[in-house]
Amino acid sequence: MVVLTSSFEIFLLKDVLYKDDDLMNPSQLSVRGTILFNPSSALRVRKITVQLLGSLSIQLPAVVKKTKRTLISNSITLVDNKKPAPMPGKSIYHFEFLLPGDLPDSFNCEFGKAEYAVKAVAETSLFTADIKTERPIYIRRNGTNYYDTEDACLTQKVFKDQADCTVSLPVNEFTPGEKFELNFKAKPLAVNGRVTSISCFVKEFVRYQIPSKANPNEISVGEYLRRLEFVGATFANEQIDVDHSIIIKIPDTNVSFDCLNSLVEISHALSIRIHTNTETSEDQLVIDMPIMIVPSTGPTLYDQLPLYQPVELPPIYQTASTVDPAGQYRPPPNYVC
């Protein structure tokens, strides 16, 4: 069959790598995957390589010069011909990279980013464009390093002589675009007091600590706070005790993933503002609940492509003789069903 166009794809066993808890002696990380190459009939290939690349780029508003660092750059050669040669049809290549366990977490926010990707290149002849493809990967610390899950999902706070408030979440880890329910309960403590409304927004805190290449002791520091998403609710005058749920959505875009390393710290929280009213005053009470925003896991190797393993060849079949060594006819055995 004549193949007119080439397909060149990367399939990863997993695209989110979790670092362990041991910061002093971190374990290596492994990136495993498969490249599926189905070249066109006319394509000639000289070389096929797969690379694991990581880079850091930060531009602080008060700093003129942009900070750029190469975090990792590894390469594996899968095919190496002396000159461009035709490929034998569909080919499958397996690869594995071992990464140091102390690499910075992936992040991408307003003033900088640390990105990792697996990139494959098929170098062709002089008159044909090279074929390229890549898949992003994410490195992040295990979520249990940040917050205790049960404590992070429930917060109760008593504001003296004002209100007894409880806020709960189903989980404390979310992906961009995800919707979740926040449950709010409040009981006024003041005489003739009531909770009039609540408002809630997602806030993002970013802190950079970038050492100078020339002098590691010279560190540029930047701290930034953003409000991302806002929702609110108002309660009726006759409503005393409040039990109300609000649907909150993490923004689809322009939101950073949580990370924590020596260069950058990114964290998120739900800030709940509780508005109360008594006969003599109006007050605003605040509860902050830490949450995590993490990348959604992309399709894995198991979702996309079966692992191909060598199959043991069947035994060699030979013609059986119906004559025994003495020259007598030997009938085949009877088969009983």
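Visitor: Which strand is Ser30 in?
Guide: Ser30 belongs to strand E3, which covers residues 29-38. Please keep in mind that this is a predicted model.

Visitor: Is Ser30 buried or partly exposed?
Guide: Ser30 counts as partly exposed, its relative accessibility being 25%.

Visitor: And which residues does Ser30 contact, leaving aside its neighbours within four places in sequence?
Guide: Ser30 is in contact with Lys14, Leu17, Glu96, Phe97 and Leu98, once neighbours within four places in sequence are left aside. With Glu96 there is also a polar contact between the two side chains, at 2.7 Å.

Visitor: How far apart are the C-alpha atoms of Ser30 and Leu99?
Guide: Their C-alpha atoms are separated by 6.2 Å, although Ser30 and Leu99 are 69 residues apart along the chain.

Visitor: Let me step back. How many helices and strands does the protein chain have?
Guide: The protein chain has two helices and 19 strands. Of its 337 residues, 40% are buried.

Visitor: What share of the contacts joins residues at least 24 apart?
Guide: Counting contacts between residues at least 6 apart in sequence, 70% join residues at least 24 apart.

Visitor: What about the surface: how much of it belongs to carbon and sulfur atoms?
Guide: Carbon and sulfur atoms account for 51% of an accessible surface of about 20,100 Å².

Visitor: New topic. How many salt bridges are there in the whole structure?
Guide: A search of the whole structure finds eight salt bridges. In general, side chains of opposite charge can pair when their charged atoms come close. One of the bridges joins Arg46 and Glu123, whose closest N and O atoms are 3.0 Å apart.

Visitor: What parts does that pair tie together?
Guide: Arg46 lies in strand E4 (residues 44-58) and Glu123 in strand E8 (residues 112-124), so the bridge ties together parts that are 77 residues apart in sequence. Arg46 is partly exposed at 27% relative accessibility, and Glu123 is partly exposed at 25%.

Visitor: Which residue does Glu173 meet in a salt bridge?
Guide: The side chain of Glu173 meets that of Arg140, with 3.9 Å from N to O. Glu173 is in strand E12 (residues 173-174) and Arg140 is in strand E9 (residues 131-141), so this pair ties together parts that are 33 residues apart in sequence. Glu173 is partly exposed, with a relative accessible area of 34%, whereas Arg140 is buried, at 3%.

Visitor: And what is the distance between the closest N and O atoms of Asp252 and Lys249?
Guide: The closest N and O atoms of that salt bridge are 2.8 Å apart. Lys249 is partly exposed, at 29% relative accessibility.

Visitor: Moving on: is Glu204 buried or exposed?
Guide: Glu204 is buried, with a relative accessible area of 1%. Its place is in strand E14, residues 194-211.

Visitor: What polar contact does the side chain of Glu204 make with His268?
Guide: The side chains of Glu204 and His268 are joined by a polar contact of 2.8 Å.

Visitor: Now the nonpolar part. Which residues touch the most other members of the largest nonpolar core?
Guide: In that core of 32 residues, they are Leu182, Phe184, Ile248, Leu270, Ile272 and Ile274. Strand E19 (282-293) is among the elements that give two or more residues to this core, and E19 supplies the largest share, five residues. As a general point, in soluble globular proteins nonpolar side chains tend to be buried together.

Visitor: Where does Leu270 lie?
Guide: Leu270 lies in strand E18, residues 264-277, and Leu270 is buried at 0% relative accessibility. Leaving out residues up to four places away in sequence, Leu270 touches several residues, including Leu182, Ile248 and Ile287.

Terms used
Residues numbered from 1 in each chain as written. Predicted model: local features only at pLDDT ≥ 70, side-chain atom pairs only at ≥ 80, totals over all residues. Heavy atoms only, no water. Salt bridge = Lys/Arg side-chain N within 4 Å of Asp/Glu carboxyl O. Helix = DSSP H or I, 4+ residues; strand = E, 2+ residues; numbered from the N terminus. Buried < 20%, exposed > 50% of the residue type's maximum accessible area, 1.4 Å probe, protein only. Contact = heavy atoms within 4.5 Å. Areas by Shrake-Rupley, 256 points an atom, 1.4 Å probe, with all protein chains shown as cover. Polar contact = N/O pair within 3.5 Å; in protein donor to acceptor, adjacent residues only side chain to side chain. Core = buried A, V, L, I, M, F, W, Y, C linked by side-chain atoms within 4.5 Å.
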